[in-house]
Amino acid sequence: MTKSNDDDLIELNNQIAKLKQELTNKDEFLSYVHHELNGFVHNTHFLSDYLCKNWNEVPNDNINQYLVSIVESAEYLKLLSEDLFNLSRFKSGTMQFDFSSTNLIDIIQDTIDRCSKMFLVNRDLKILLEENKIAKAFVNGDNQRLRQLLFDLIINSVKYSEKGKIIVKIEKIEQEKISYWQVSVIDQG
């Protein structure tokens, strides 16, 4: 074998190893997506079925909560579907972002409210924004992507927390003359 053939063989083996890793990553990603979708489909199916079979016995307040949960689950499924589409656009370089000035406090509070309505019905768990004196925390970012990121972090915390509190914390960090906002999600899991 010549040096050129050896180099070609090494390059071919490297490409094969890279493709195998990409396939493993895709399998893991698809497994994750299946798990996420299945949870919301199950929640929607369970609540819908329960309401259909027990409509006359369920108190009106509970009916409203269950219907809100069903709508919110459907909304999350829609967002997840959009995320899958956006992932393919991101990989192909065609994804567009809408960067604008946005207040992280508003995003955090709205996301906490939505997650509480969707995932905390009949659970001994609360999601709270840690009290501080920060009223506005503006960043230049894509509002929808920031909301989705925080939503995913909070959902993950809800999954692994049986009871107690999930605290969302925001603080301004100064490091080497650069200021930035740090958002933390602290759970019991």
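**The aromatic cluster and its surroundings**

Modeller: One aromatic cluster is formed by Phe 46, Tyr 50 and Tyr 66. Keep in mind that this is a predicted model. The structure holds two aromatic pairs. In one of them, the ring centres of Phe 46 and Tyr 50 lie 6.4 Å apart, with the planes at 15°, so this pair is stacked. The cut-off for stacking is planes under 30 degrees apart. Phe 46 and Tyr 50 sit four residues apart in helix α1, so about one helical turn separates them.

The rings of Tyr 50 and Tyr 66 have their centres 5.7 Å apart and their planes at 90°, so they form an edge-to-face pair. Here the cut-off is planes over 60 degrees apart. Tyr 50 belongs to helix α1 and Tyr 66 to helix α2, so this pair ties together parts that are 16 residues apart in sequence. Tyr 66 counts as buried, because its relative accessibility is 9% and the limit for buried is under 20%.

Rolling a probe the size of a water molecule over the atoms shows where empty space is left. The largest pocket has a volume of about 580 Å³. It is lined by 19 residues, and the closest to its centre are Gly 39, Asn 43, Met 118, Phe 119 and Arg 123. Helix α1 provides the largest share, with nine residues. By type, the lining of the largest pocket divides into 10 nonpolar, six polar and three charged residues.

The second largest pocket has a volume of about 380 Å³. Its lining has 16 residues, and Asp 83, Leu 84, Leu 87, Gln 148 and Asp 152 are the closest to its centre. At least two lining residues come from each of α1, α2 and α4. Helix α2 supplies the largest share of this lining, seven residues. The lining of the second largest pocket holds 11 nonpolar, two polar and three charged residues.

Next, helix α3. Ile 107 has its place there. Ile 107 is buried, because its relative accessible area is 2%. Leaving out residues up to four places away in sequence, Ile 107 touches Thr 102, Asn 143, Leu 146, Arg 147 and Leu 150. How far is Ile 107 from Phe 151, in sequence and in space? They are 44 residues apart in sequence and 9.5 Å apart in space, C-alpha to C-alpha.

Then a strand. Asn 103 is placed in strand β1, residues 99-103. Asn 103 counts as buried, at 7% relative accessibility. What does the side chain of Asn 103 reach? It reaches the backbone nitrogen of Ala 137, at 2.9 Å. With neighbours within four places in sequence set aside, Asn 103 is in contact with Ala 135, Lys 136, Ala 137 and Phe 138.

Most residues other than glycine have a negative phi. Glu 176 is not a glycine, yet has a positive phi of about 50°. Glu 176 sits in the loop between β4 (164-175) and β5 (178-186). Glu 176 counts as exposed, at 75% relative accessibility. Lys 177 also has its place in the loop between β4 and β5. Phi of Lys 177 is near 65°, again a positive value in a residue other than glycine. Lys 177 counts as exposed, because its relative accessibility is 86% and the limit for exposed is over 50%.

Back to the starting point. Phe 46, Tyr 50 and Tyr 66 make up one cluster. Its Phe 46 and Tyr 50 rings are stacked, while its Tyr 50 and Tyr 66 rings are edge-to-face.

Methods. Residues are numbered from 1 along each chain as its sequence is written. This is a predicted model: local features need pLDDT of at least 70, side-chain atom pairs count only at pLDDT 80 or more; totals for chains, interfaces and linings use all residues. Side-chain values use heavy atoms; hydrogens and water are left out. On a 1 Å grid over the protein atoms alone, a cavity is a set of points where a 1.4 Å probe fits but cannot get out, and a pocket is an open set with protein on both sides within 12 Å along at least five of seven lines; lining residues have an atom within 4 Å of a point. Grid points are joined across faces, edges and corners, and a volume is the space filled by probe spheres set on the points. Ala, Val, Leu, Ile, Met, Phe, Trp, Tyr, Cys and Pro count as nonpolar, Asp, Glu, Lys and Arg as charged, and the others, Gly among them, as polar. Rings of Phe, Tyr and Trp (its six-membered ring) pair if their centres lie within 6.5 Å; planes under 30 degrees apart count as stacked, over 60 as edge-to-face and the rest as tilted. Buried means under 20% relative accessible area, exposed over 50%, partly exposed in between (1.4 Å probe, protein chains only). Contact means heavy atoms within 4.5 Å. A polar contact is a pair of N or O atoms within 3.5 Å; within protein, one must be able to donate a hydrogen and the other to accept it, and residues adjacent in sequence count only if both atoms are side-chain atoms.
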